[in-house]
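Let's take a walk through this protein, pocket first, then the packing inside, then a couple of loops. Keep the viewer open and click along as you read.

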Amino acid sequence: TLLAADCDPRTGRRFVVWEDGRYRTDAANDAVLSYSDDGITWSAPVRLNKGGTANNLDHYDPSVAVHKDGTVDVMWRQRQESASTDVNTYSNNVDTYVARSHDHGATFGTALKVNLAPSDIRYGAFSRGGLFQGDYDQIATAGDLTYVVRTESYAPNAKAVAPEVPSATTLHHQVTWVAVIGTAGATAPTKVTRPTVTPVTKPPVSSGSGSLAATGASTGAGGVALPLVGAGAVLRRRRRTA
C-alpha cells in the first residue's frame, strides 16, 4: 500500500517497490519490484523475498535505493502471521530485511536481517484504532554504503508489562535506529563486529564487543552476501504516553 521508487543514476532505469499478494496462496504479501527503462514499459514484478508462498510470513513497507554503480538494495519489514483471521494469533515481533541485486533488478540474493532484536508491536505507535507502523523506515546509499533507518518499538524497561494489543492508553516506546551495510561490490561474506544483543527487553544503545558473521547473507542468482558493518546506532529515542 506504500510504494517507493528510485532511479539508477547512470542508466536512468526506474525502480518501484511495493507489497503484493499475487504470488501467494495465503493472505500475506511479498515485497516485489518492477523496473522500466523508459517509464512506459515495465517488467513483471520480481518477488524479492525467498521461501514459500503459503507460510503466512508477511513482507511489507518496502523501500528501494540504487548505488552509483547500479547495485539495487531493497528493504522491507517482516512479520509472522497465521492462517487464522484472529490478529491476536499473529507474532508480536517484526524484523527488517535487505536484499541486493547486481544485475540491475532482475534477480536478488538472499536477504540479510539488519535489526539486533525484533520490534515488539505492543509498544508501537497507536493511530486510527490500532498499531501504526506507517512508513517509519527508509533506505539510502552514500558511496559504497547502504543506510537502513527504521523505528523500532520495545519494552521501556525490564519490568514493563506488555499490553495485549496496542491501544491509546498504553505506553508507546519507540527508538529510531540505523543499520549500515557494507561495500556494494562485496563478493563474499565478511566478518563484522556489532553490538551484543540483550534478549530481555531492548537492544543496547552503545556498541560492544562480539564478532560474528552476517547471518542470512548467502548469495543468490543476482546478488552477493551483504556485509553488515553496524546495526546499533541510535538516531533518536522517544517515549510517550497517550
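Start with the largest pocket, which holds about 400 Å³ of space. Everything here comes from a predicted model, in which local features need pLDDT of at least 70, side-chain atom pairs count only at pLDDT 80 or more, and totals for chains, interfaces and linings use all residues. Residues are numbered from 1 along each chain as its sequence is written, and side-chain values use heavy atoms, with hydrogens and water left out.

A pocket here is an open set of points on a 1 Å grid over the protein atoms alone, where a 1.4 Å probe fits, with protein on both sides within 12 Å along at least five of seven lines; lining residues have an atom within 4 Å of a point. The volume is the space filled by probe spheres set on the points, which are joined across faces, edges and corners. The lining of the largest pocket has 21 residues, and nearest its centre you'll find Arg79, Tyr90, Ile121, Leu131 and Gln133. Two elements give two or more residues to this lining: strand E5 (57-66) and strand E11 (130-131). Strands are DSSP runs of at least two residues, numbered from the N terminus. E5 has the largest share, with 3 residues.

Now for the packing. The largest nonpolar core has 17 residues, and Leu33, Leu48, Val72, Val74, Trp76 and Phe108 have the most contacts inside it. Such a core is a set of buried Ala, Val, Leu, Ile, Met, Phe, Trp, Tyr and Cys residues joined through side-chain atoms within 4.5 Å; buried means under 20% relative accessible area, exposed over 50%, and partly exposed in between (1.4 Å probe, protein chains only). Valine 72 is in contact (heavy atoms within 4.5 Å) with Phe15, Leu33 and Phe108, among others, leaving aside neighbours within four places in sequence.

On to the loops. Serine 82 sits between strand E6 (72-80) and strand E7 (93-101). Its side chain makes a polar contact of 2.7 Å with the side chain of threonine 89. A polar contact is a pair of N or O atoms within 3.5 Å; within protein, one must be able to donate a hydrogen and the other to accept it, and residues adjacent in sequence count only if both atoms are side-chain atoms.

Aspartate 144 is in the loop between strand E12 (137-142) and strand E13 (145-153). Is aspartate 144 buried or partly exposed? Aspartate 144 is partly exposed, because its relative accessible area is 40%.

Note on methods
Helix = DSSP H or I, 4+ residues; strand = E, 2+ residues; numbered from the N terminus.
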